[in-house]
Amino acid sequence: MPSWEVPGDHLIPVQHMRPGDHAFVSYDDDEVRWEVVTAFVRLGLARGEKVLLFPDPWLPEAEVLARLDFTGRSTVTARERGQLVLSSMRGLIRPASRFTPERQLGRLSAETARAAGEGFTGLRAFIDMRWVPDLNADVRMMMHRETHADVLFEGRPYSEVCAYDRRWFDREVLYAMDRAHPRSLVERLGTLRTVRGADGSLCFVGEADTGARTDFTVALELALSGSAGTRRLTVDLTRLHFLSVGCATTLLALTERAAGHDVVEVRCVPPQARTLHRLGADTVSRLLMTEVVRPC
C-alpha cells in the first residue's frame, strides 16, 4: 500500500461506503483493481441504488462485463432495467468535447435527480480516473473539481469512488488527492489495516478474519505495550467489515492479561458487541465496551 495513506478516521473498507461519501482509492495492479469496483457495484445494487460505472476507457466493454459477472450473470437484470449503467466521461459531458468541472458536476447532479425519479434509493458512481489522460484533460482542473465537489454530496443520496492508477499519475497528485477526499478506501478486500492515533489509540480497518489473526494479535500487543504508561488504551473496531471469533477471543484474552492497564476501551458496533458478550466480555473486569451505531 502507498505510504501517503490518510489518517484512520478517513480510511474505510468499501463495504462501509454510504450516501454522501466521496472516496479515493488507488491501485497499480490490473487484477487488484477489480476487487473494490465489483464490491462497490454489487453493494449498490443490493441497496436499491442506481450505479454508474465509468471504467478505464481503454478497456473493452466485454471485459468489464465479464469481470462484473464473474462466476455468473449477476448484473444482467440490473443492466436491463437501467439500474446499472456503463458509461464514459466522454459520454457524460457530451455534446461538449472538453472537460470542465462545471459540466461534469452538472451532469452528475442531474443523474442523481434522475435516479430518484426512477425510484432508486440513490445514485453511486465509480470513476476510473484514467479518463483524464484519455481526454487529455488538465490535471490541475481535475484536481480543482475533486476538491470543490461538495455540492454533489451534501444532503444528497449520492456517493462516488475515484480510482487512480498509480502508474499514470504523479506521486504528488496521488498524495494531494488522497488527502483531499473525505474518505480513503482499503485497496484490497480481505485486508486488515491498523492505524495508531496521536493519543495512542488503535484502530482496526478492513477484515479481521482467521488469516489476519497473527497481525491482529501483534498490533494489539504493541498497542498495549506502548500505552502501559497511561494505563489506558482505546481499541476501535467500528471500521472493521468483519471480526472473526478468533480475533475477538484474542482481544478478550489480551485485555484480561493487560495488568498494566486500568481500562481497555473497545469501541464497536452492535454485532461486534454481541460477539464479544457471547465470548465472555462481561467477565473481563478492565474491559469497557462502547457501542457505536454506524450511519445507514
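Predicted model: local features only at pLDDT ≥ 70, side-chain atom pairs only at ≥ 80, totals over all residues.

Reader: How many bridges join S3 and S4, and in which sense do they pair, parallel or antiparallel?

Author: The two strands pair in the parallel sense, over 3 bridges. S4 covers residues 84-86.

Reader: And what about S3 and S5?

Author: S3 and S5, the latter spanning residues 123-128, are also linked in the parallel sense, with 5 bridges. Within that pairing, arginine 124 of S5 stands opposite valine 51.

Reader: What is the strand order of the sheet?

Author: The order is S1-S7-S2-S6-S5-S3-S4, an open sheet of 7 strands with parallel pairing. Its edge strands are S1 (11-12) and S4, each of which pairs on one side only.

Reader: Which residues lie on each side of S3?

Author: Lys50, Leu52 and Phe54 are on one side, and Val51 and Leu53 are on the other. Both faces are covered. In general, side chains of a regular strand alternate between the two faces of the sheet.

Reader: Which helices lie across S3?

Author: Helix H2 (residues 61-68) lies across S3 and S4, and runs at about 150° to S4. Helix H5 (residues 101-117) lies across S3, S5 and strand S6 (158-165), and runs at about 150° to S3.

Reader: Changing topic, how do H7 and H9 pack? What is the angle between their axes?

Author: The axes of H7 (residues 139-147) and H9 (residues 171-180) cross at roughly 15° and come within 10 Å. Because angles under 35 degrees count as roughly parallel, H7 is roughly parallel to H9. The crossing of H7 past H9 is left-handed.

Reader: Which residues make that contact?

Author: H7 contributes Val139, Met142, Met143, Glu146 and Thr147, while H9 contributes Val173, Ala176, Met177 and Ala180.

Reader: What is the makeup of the contact by class?

Author: The contact of H7 with H9 has 7 nonpolar residues, 1 polar and 1 charged.

Notes. Residues numbered from 1 in each chain as written. Heavy atoms only, no water. Buried < 20%, exposed > 50% of the residue type's maximum accessible area, 1.4 Å probe, protein only. Helix = DSSP H or I, 4+ residues; strand = E, 2+ residues; numbered from the N terminus. Pairing = 2+ DSSP bridges. Contact = heavy atoms within 4.5 Å. Axes fitted to C-alpha atoms, helices over the stretch in contact; angles between N-to-C directions. Parallel < 35°, antiparallel > 145°, perpendicular 65-115°, else oblique. Left-handed = near helix turned anticlockwise from the far one by under 90°. Nonpolar A, V, L, I, M, F, W, Y, C, P; charged D, E, K, R; others polar.
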